[in-house]
Amino acid sequence: MASNLLIKLRSLSTATNGHHTLARRYLSCGEAPLILIRSAGARLYSDVPSLPQPSTPLPRLSQSGANSSTSSSVDQSELAKFASIAETWWDSEGPFKPLHAINPTRLAFIRSTLCRHFRRDSNSARPFEGLKFADIGCGGGILSEPLARMGASVTGVDAGDKNIKIARLHGGLDPVTSTINYCCTTAEKMVEEQKSFDAVISLEVIEHVANPAEFTKSLAALTVPDGAMVMSTINRTMRAYATTIVAAEYLLHWLPIGTHQWSSFVTPEELTLLLQRSSVSVKEMAGFVFNPLTGKWSLSDDISVNYILYGTKTASQ
């Protein structure tokens, strides 16, 4: 059954023109791309009625318009969506299971790039000692906690009050993670308060905000000159639609239906341009691929679905 589903998903895929080339500018590991699928529990399209159709993409690059004058890029409908499942953040078999599974690979990229950026020993248990990190869109703290264990002084930021309450409760169970400063606020408000950090990290967030341009501008403003930024999101390709929405939400039920909107996905080219406009230069980019045989994620030069990037803030800004 899984093999039949794999064939059907591949039929939805389109050629990923230019995506491998773009990634190879930053990363080359020679790892073969694998489609997001698992070997058991798969359901055929005939088992699932009313599969969603991709909608027309929204404009992603405009820095003007109705949202640009607001003090926050928070999308209230997205906030409500995640508030409804906030209690499950630390359930590794719950709605956030995909994030728990991919987290070690995300952390490996962060550790590698930021150790090089800050000239730290990547073999050290606490390589980020003395550095201030912001985890924007921290949710329940599944990224903030390991960053704190690596020595960083972490500020976890989320607009969802329930998320922050869960993060504080869980973080308080360990003396190391109890030092994390969790704030129920937005990146834009942090900018107004003139906060700044050596590194600003925002993973799987930009596809859920109302104004990507304003959001990236705020992230850049929070980053000190010569500081670092790490972001991850989902590419707006038909392959991403097939895997992250049709497969992950409707067929495999890895995520609640409606978690993602294909029109809100951001391409690497768009995100790179948004960052450039905010004086952040992208230095490294990699994709994530899932191996159904091992159940593990790994880094790849295939950025046609999930991707992560590291950039640096221009010193003169």
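I began with His 260, which is buried at a relative accessible area of 12%; the cut-off for buried is under 20%. The model I am reading is a predicted one.

I then looked up where His 260 sits: the loop between helix H9 (238-251) and helix H10 (268-277) holds this residue. Leaving out residues up to four places away in sequence, I listed what His 260 touches: Glu 207, His 208, Ile 234, Thr 244, Ile 245, Glu 249, Leu 255 and Phe 265. I also checked Tyr 241, which is 19 residues from His 260 in sequence and 9.2 Å from it in space, C-alpha to C-alpha.

Next I turned to the sheet. I traced eight strands in an open sheet with mixed pairing, in the order E3-E2-E1-E4-E5-E8-E6-E7. From one strand to the next the twist averages 20 degrees.

I followed the pairing at the E7 end. Strand E6 (residues 280-291) runs antiparallel to E7, and five bridges join them. I noted Trp 297 in E7 as the bridge partner of Phe 290.

I looked for what packs on the sheet and recorded helix H8 (residues 212-222). H8 touches strand E1 (132-136), strand E4 (197-203), strand E5 (223-234), E6 and strand E8 (306-313), and its direction makes about 145 degrees with that of E5.

I then took E8 by itself. Eight of its eight residues are buried. I sorted them by face: Asn 306, Ile 308, Tyr 310 and Thr 312 lie on one side, with Tyr 307, Leu 309, Gly 311 and Lys 313 on the other, and both faces are covered. This sorting follows the general rule that side chains in a regular strand alternate between the two faces of the sheet.

I checked both partners of E8. With E5, the pairing is antiparallel over seven bridges, and Met 231 has Leu 309 of E8 as its bridge partner. With E6, the pairing is antiparallel over eight bridges, and Tyr 307 of E8 stands opposite Gly 287.

Last, I went back to H8 for its contact with H10. The two helices pack at an angle of about 50 degrees, and their axes are 9 Å apart. H8 is therefore oblique to H10. I logged the crossing as right-handed. Pro 212, Ala 213 and Thr 216 of H8 make the contact with Leu 271, Leu 274 and Leu 275 of H10.

Notes
Residues are numbered from 1 along each chain as its sequence is written. This is a predicted model: local features need pLDDT of at least 70, side-chain atom pairs count only at pLDDT 80 or more; totals for chains, interfaces and linings use all residues. Side-chain values use heavy atoms; hydrogens and water are left out. Two strands pair if DSSP finds at least two bridges between them. Helices (H or I, at least four residues) and strands (E, at least two) are DSSP runs, numbered from the N terminus. Axes are lines fitted to C-alpha atoms, for helices over the stretch in contact, and angles run from 0 to 180 degrees between N-to-C directions. Contact means heavy atoms within 4.5 Å. Buried means under 20% relative accessible area, exposed over 50%, partly exposed in between (1.4 Å probe, protein chains only). Angles under 35 degrees count as roughly parallel, over 145 as roughly antiparallel, 65 to 115 as roughly perpendicular and the rest as oblique. A crossing is left-handed if the near helix is turned anticlockwise from the far one by less than a right angle, and right-handed if clockwise.
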